[in-house]
Amino acid sequence: MIKKVNKVLILGSGAIRIGQAGEFDYSGSQAIKALKEEGIKTVLVNPNIATIQTSEYLADKVYFLPLDAYFVSKVIEKERPDGVLLGFGGQTALNVGALLARKGIFKKFKVNVLGTPVKAIMNTEDRELFVRKIKEINLKVPESKAVTKVEEAVRVAEKIGYPVMCRIAYALGGLGSGVAHNKEQLVKITRKAFSFSKQILIEEYLEGWKEIEYEVVRDPHDNCIVICSMENVDPMGIHTGESIVVAPVQTLTASENFKLRALSIKVIRHLGIVGECNIQFALEPQSEDYRIIEVNARLSRSSALASKATGYPLAFIATKLALGYS
């Protein structure tokens with residue numbers, strides 16, 4: 001059923017820095033066009049004047065305000081939108097949306113989160129919850145444990161065995177994450193990491209494994225398709241943002257590719273994502289062994305590449321699906 005909404009708030013691309021960037025200007029602009037086509041009024045929050053989406057011919061109203069919970073809650077209080085889109089402003093918009101949901105702002109002003117539910121966003125962003133959800137369907141994730149103290153991180157690393165990967169929950173572009181080859185490095189990385197986040201994940205380091213990504217689209221009726229496959233030129237250990245990504249995959253066998261595609265659909269259905277998302281795998285080069293690294297329940301850098309490489313308007317379609325289209 002198509003959701004009846006008259007006014008939608010979009011959290012936009014924001015400043016050009018880690019967690020907010022130009023690729024989200026592309027997705028946000030597509031979202032506004034999709035909403036306007038439906039006759040829905042659009043309200044955009046985006047402090048970056050040097051963006052397409054803040055042009056006068058797109059959103060009906062633009063607030064040049066920082067993308068943080070305080071300012072967004074004030075805009076909600078004034079504009080009283082029926083719905084909000086959280087997946088079109090990168091990691092920052094997702095974090096702001098999760099915080100507003102926890103504070104009860106959406107409930108207070110009767111704002112529906114369109115597309116992927118907040119619970120599914122939490123399940124992808126909280127590392128411990130994510131691992132638990134993936135294990136529910138008996139799929140493989142790197143051996144890991146979420147920790148909240150440096151001492152706890154050291155104990156877990158000694159149990160898993162060095163080297164280990166440190167990942168931050170709700171991280172912006174891998175901020176504060178890194179590889180530790182010994183206790184001294186681990187203490188240094190985790191102290192820094194805890195200045196950015198309350199929770200980090202200590203996990204086995206899959207050095208030399210291939211890093212593979214898939215862009216997946218799912219509608220509210222559980223129809224699910226893989227739009228594009230991508231392969232990082234560099235192996236695991238090099239951040240995606242510092243690597244080169246090629247679409248489609250170049251070195252996978254048909255068997256490997258179809259296996260990971262099938263797993264992608266299984267994961268996205270289980271998480272309950274509505275719209276577009278990105279799933280990342282590590283694949284052992286000498287076998288078909290794999291690990292599920294993460295799922296981004298939003299439009300990402302990869303989404304912009306996938307849209308251009310395939311000609312499939314991911315952000316536009318994701319917006320329509322968020323409104324209830326199949």
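**Figure 1. Surface patch of positive charge in the predicted model.** Lys 74, Arg 80, Lys 108 and Lys 110 come together on the surface as a patch of positive charge. The structure shown here and in the following views is a predicted model. Within this group, Arg 80 belongs to the loop that links helix H2 (69-79) with strand E4 (83-85).

**Figure 2. Salt bridge between Lys 61 and Glu 79.** The two side chains meet with an N to O distance of 3.1 Å. Lys 61 is located in strand E3 (residues 61-63) and Glu 79 in helix H2, so the pair ties together parts that lie 18 residues apart in sequence. Lys 61 has a relative accessible area of 37% and is therefore partly exposed, whereas Glu 79, at 9% relative accessibility, counts as buried.

**Figure 3. Helix H11 and its surroundings.** Of the 9 residues of helix H11 (residues 314-322), 8 are buried, so the helix is largely enclosed by the rest of the structure. Among these buried residues are Leu 314, Phe 316, Thr 319 and Leu 321. Gly 324 follows H11 and has a positive phi, near 110°.

**Figure 4. Salt bridge between Glu 38 and Lys 320.** The closest N and O atoms of this pair are 2.6 Å apart. Because Glu 38 lies in the loop between helix H1 (22-37) and strand E2 (41-45), and Lys 320 in helix H11, the contact ties together parts separated by 282 residues in sequence. Glu 38 counts as partly exposed at 29% relative accessibility; Lys 320 counts as buried at 10%. The structure holds 11 salt bridges.

**Figure 5. Open sheet of 5 strands.** The strands are arranged in the order E12-E11-E10-E13-E14, and their pairing is antiparallel. Strand E12 (245-246) and strand E14 (290-296) each have a single partner strand and stand at the edges, so one side of each lacks a neighbour in the sheet. Strand E11 (residues 224-232) runs antiparallel to E12 and is joined to it by 2 bridges. Asn 232 has Val 245 of E12 as its bridge partner.

**Figure 6. Network of salt bridges.** Lys 140, Glu 204, Asp 289 and Arg 291 are linked in this network. Between Arg 291 and Asp 289, the closest N and O atoms of the salt bridge are 3.1 Å apart. Arg 291 is buried, with a relative accessible area of 14%, while Asp 289 is partly exposed, at 21%.

**Figure 7. Ile 168 in strand E7.** Strand E7 spans residues 164-168. Ile 168 has 3% relative accessibility and so counts as buried. Its C-alpha atom is separated by 11 Å from that of Glu 203, a residue 35 positions away along the chain.

Technical notes: Residues numbered from 1 in each chain as written. Predicted model: local features only at pLDDT ≥ 70, side-chain atom pairs only at ≥ 80, totals over all residues. Heavy atoms only, no water. Patch = residues over 30% accessible without salt bridge, like charges linked within 9 Å, V, L, I, M, F, W, Y side chains within 5 Å. Areas by Shrake-Rupley, 256 points an atom, 1.4 Å probe, with all protein chains shown as cover. Salt bridge = Lys/Arg side-chain N within 4 Å of Asp/Glu carboxyl O. Lys, Arg positive; Asp, Glu negative; His and termini not counted. Charge placed at Lys NZ, Arg CZ, Asp CG, Glu CD. Helix = DSSP H or I, 4+ residues; strand = E, 2+ residues; numbered from the N terminus. Buried < 20%, exposed > 50% of the residue type's maximum accessible area, 1.4 Å probe, protein only. Pairing = 2+ DSSP bridges.
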